[in-house]
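Okay, everyone, thanks for coming. Have a look at the structure on the screen, and I'll talk you through a few parts of it.

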Number of protein chains: 2
Amino acid sequence: MPAEQASGNKVGQKSRRAIFRARDKYFVPAKTRRDNRRVPASEQLQGSKISAMNPSIVLRNATRAAVRRPLAQSVRIAVPALRVAGRRWASTEGAATTAAETEPTKKVTKLTADSYPNLQRGSHFSKITAEDVAYFESICPIISADRGATEDDLKPFNQDWMNKYRGQTRLVVKPKSTEDVSKILKHCNERKLAVVPQGGNTGLVGGSVPVFDEIVINMASMNNIRSFDEVSGILTCDAGVILETADSYLREHGYIFPLDLGAKGSCHVGGNVACNAGGLRLLRYGSLHGTVLGVEAVLPDGTILNDLSQLRKNNTGYDLKQLFIGSEGTIGIITAISIVCPQKPKSQNVAFFGVESFDKVQQTFVKTKQALSEILSAFEMMDSNSQNIVGQVTGRKHPLESKPPFYILIETSGSNPEHDSEKLNALLEDLMENEFISDGTLAESETQQKELWAWREGIAEALGHFGGVYKYDVSIPLKELYVLVDDVRAKMKDAGLLSTPENPENVVVDCVGYGHMGDSNLHLNVAVRQFDKRVEKVLEPFIYEWIQKRRGSISAEHGLGVAKSDFVQYSRGPTELAVMKGLKTMFDPNGIMNPYKYVKANA
Amino acid sequence: MPAEQASGNKVGQKSRRAIFRARDKYFVPAKTRRDNRRVPASEQLQGSKISAMNPSIVLRNATRAAVRRPLAQSVRIAVPALRVAGRRWASTEGAATTAAETEPTKKVTKLTADSYPNLQRGSHFSKITAEDVAYFESICPIISADRGATEDDLKPFNQDWMNKYRGQTRLVVKPKSTEDVSKILKHCNERKLAVVPQGGNTGLVGGSVPVFDEIVINMASMNNIRSFDEVSGILTCDAGVILETADSYLREHGYIFPLDLGAKGSCHVGGNVACNAGGLRLLRYGSLHGTVLGVEAVLPDGTILNDLSQLRKNNTGYDLKQLFIGSEGTIGIITAISIVCPQKPKSQNVAFFGVESFDKVQQTFVKTKQALSEILSAFEMMDSNSQNIVGQVTGRKHPLESKPPFYILIETSGSNPEHDSEKLNALLEDLMENEFISDGTLAESETQQKELWAWREGIAEALGHFGGVYKYDVSIPLKELYVLVDDVRAKMKDAGLLSTPENPENVVVDCVGYGHMGDSNLHLNVAVRQFDKRVEKVLEPFIYEWIQKRRGSISAEHGLGVAKSDFVQYSRGPTELAVMKGLKTMFDPNGIMNPYKYVKANA
């Protein structure tokens, strides 16, 4: 979309412009205006009354100040902010790495079987024979080493996008229908051939690639929208529909998919459900356990479980589909889903703040929830380290000029542009007046909204640029959310692994924290020049023990896969694990579904 | 609360009054004004622009018309409406029953074991011995026939509130802690003593009372709030906390329970979760599968499953708590829950409409969803028959004077009274202008809101007044939602069972339909003078087959219990049922948990 093109939502944008027209995109706290004049009570106009009466008075004043001189100077608290940011940033800044210098080496990814030597190929699994290949070939298209496929042909199915996990499959099958999946699984179960269900292969824990020679069942060819009801907003579609495709389809009909995440252009909705993806707007639209109404799945023995309800309410027995949500392909393959979708918002706003401390991030969160209530659709927190890395890798100028240690992105999604702007204005007044935020910017077009989101959504990709990333996706009680990042960074420094001005080539580029504040979900990422056992020893089990003490979750939304499979006991008790193993055994007695991962039945 | 006391939310009410002050509570479509003058475009002021500029112009005009002459005459379409309503109402109106005349006979409720002669007491279950009683007595308070408890003492635990189901327990145990429950179940499992978990005993399908001599485990003594986090809105409490108690507690802290239903004064939150209650605001706050974050449950062998997570995201294995949501006490006893609660709305509005046809009800639904979007918290539909019965039983005057065949109650819950009123005003303009609704009223205080809600929430109680009610709680695709009521009424008439002016004493008082339009959930109720096999033969399997054809659910929110246990196959396929039976057997191999109900493992 060209930069000058305004939001698709003309009503929303017109109103936005009307209110914010004369303003520079930066605003500053009222108290830090150039003249430092205390505004009389009559002019201060706090809260929603301001907006109702004359929403732009205070902001216009502030803007003039901002325009007159560079923002960093006009913000009284900018100096300590910069100092803090400088300290935090030293680790990567000192390394003086540039995008060009850190182009990742095109190394061959280590086999998962070698990275995890405790994993042994299941001795009860058969090996694929010529007859098996011929049978699968009779069902659907296949990619087979026995039919001339090279290692490169199989690489996209054997390897994950982070180049962290690599399997050894010799066969990929690409079913075109639920019946195809049923035939494939029936055969595999009878023959005891292990399989890996695979969607867009965008997972982060190695769950969608083989470890040994498991057959990959790739769902990309099952990609039809089956039905959509414009009155109820209920969508039914194949598992292999790409999330962005589903969302675009829904937008044409006045709805949106109730899930959004960075990998939307590649991930499959079936994979999203299988992994119980959380994403950027869970705060607003809730988890898939609430929005998914039905699942069609093929059980390991080939039986088709048709729980593809299009009803919002159905209390007729155990809610089986719930077991498939988040089961990571271990008890069956999801072939279709039905889901209730929210209406497309008529107005959206995105604001981006700089914040001086994590305490203020929390205070801002509480204020924001109260002020924006039903229109708040995202509250994302990012530390300065994450923003610096995005800037460094993309070469782009950060939307905020000051360098506070924390940033917040908030998004509103509502049905009335004027109302939404009024609510947001009232919040901004309050946050600035009370100095919860140090500075901020408000998108004035859909393009600007996307630009702001890119500073949040681009973090994962930017981090991957240096060679490798250790990713932790954890739930922690809110007040300690960021403490974990500080603790891990301190440990890396103590171990002499963190890059510093003195040792700019140390293996750890930086430890960064960002995530879905609204869900108490932190992404702790440790960017490294290459994967390194010394780093791993610092990270684990330290992080898991840290989380266990706080009754958090070692995997908030990424799942278990291979990566977290051996650590699930840090978040689940023995009774829970015993029940889970019972379920796995009940659904998949031969253990053919995505072995070596998740909650292992025989562990 | 005294009638003159305004809403607790002063801001909301002030704004409400400011806008609607000069108005009579009735409004009528603009086109049906007394002078029938077409309003010029400049005055019509449609949509949100109206509200922003001068919200009350059109409504004031309409109001003057309504004030000048009785509403029924001022509404041009009122005559056919009355005619339709007359026809529909004939069945009960003709019966000329008054509240006094229909005082239910204080009959002894038939034993469930006699009503369902296909049920036989499980021969593998032990009978309670003196040693058992002594053991239970050592754990917690009990009510035991062997300790002198009379039939009357046991009646509240043996019988449901509708006087439809009656069991034969001789022992009620009242645990005070999770450990008590654990000891009780461990003993029962070892001794093969069947049990019935019981919350507020407000269920509608006989799920919470015994059939034979099962021991009742009543949860009323486990009623502590365990914790509440004001930042995240996460509540953790014992299963026996009464829903209204939890809600009142939360309201003091600026939050509400994300579930509301008619039985809130008696039902337990644990029972709500065990039955996956839907209620009045599912449309807005989603199902318990999305809001419940954790469950603490005791498994049949006494093991405590601590899945009492206080995290919004936790992808570490199968989501076990989901199996307990809606399991109706068949795989364990829920002893505590944690749940994420929405903020208490700062403004609420309730409007009540009369509508001329079910087509217009649907059109109104679509319009309302579009206009109110994120602030819509309820959309309830009621037929005139239900309203007539409430009026007849309570002796109160209906809020609307006209007699259309359908009524709608809508509620908004938002964070800004002015914004919410503007949105609602715009909707009302639109609905009236386009004659989707024939007339309506808008509550001007919290007391009036409660009065309007009473015409919806009071239906179930009023229906029970005549002797008995056959209750069906079904999900049906929206466009056919009400057809089922018409079809059932026609069949009752054909069978000569429906009360008519000619046969006012026929057993069926009336067939009424109402429910949660927003969830496509119909409550079909057949009010009878006494339960009657002839009526049952007309109802079943006709209703179930009707629903099966439309892929609906035979139990949207009430669950299966005894009542629907034998009909689950109309909404679930053989594969689903086989998996459910597998689950039941896995969790409860001795089958001691709530036997004779739900999905029977051995059926």
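Let's begin with a term: buried area is the accessible area, taken with a 1.4 Å probe, that two parts lose on being put together, summed over both. This is a predicted model, so local features need pLDDT of at least 70 and side-chain atom pairs count only at pLDDT 80 or more, while totals for chains, interfaces and linings use all residues. As for bookkeeping, residues are numbered from 1 along each chain as its sequence is written, chains are lettered from A and ligands numbered from 1 in the order in which they are written, and side-chain values use heavy atoms, with hydrogens and water left out.

So, how much area is buried between chain B and chain A? About 6700 Å², and carbon and sulfur atoms give 54% of that. The contact (heavy atoms within 4.5 Å) takes 84 residues from chain A and 83 residues from chain B. On the chain B side, B:K313, B:N315 and B:Y318 supply 15% of the area that chain buries against chain A, more than any other three residues.

There are also 6 salt bridges between the two chains. A salt bridge here is a side-chain nitrogen of Lys or Arg within 4 Å of a carboxyl oxygen of Asp or Glu. One of them pairs B:D519 with A:K313, with the closest N and O atoms 3.0 Å apart.

Now for a helix pair. Helices are DSSP runs of H or I, at least four residues, numbered from the N terminus. In chain A, the axes of α21 (residues 483-494) and α23 (residues 542-549) come within 11 Å and cross at roughly 150°. Axes are lines fitted to C-alpha atoms, for helices over the stretch in contact, and angles run from 0 to 180 degrees between N-to-C directions. That crossing makes α21(A) roughly antiparallel to α23(A), a label for angles over 145 degrees. Who meets whom? A:V483, A:L484, A:D487, A:V488 and A:K491 in α21(A) meet A:F542, A:I543, A:W546 and A:I547 in α23(A).

Most peptide bonds are trans. But A:E540 and A:P541 are joined by a cis peptide bond, with omega about 5°, and A:P541 lies in the loop between α22 (533-539) and α23 of chain A. Over in chain B, the peptide bond from B:E540 to B:P541 is cis too, with omega near 5°.

Methods:
Helix = DSSP H or I, 4+ residues; strand = E, 2+ residues; numbered from the N terminus. Parallel < 35°, antiparallel > 145°, perpendicular 65-115°, else oblique.
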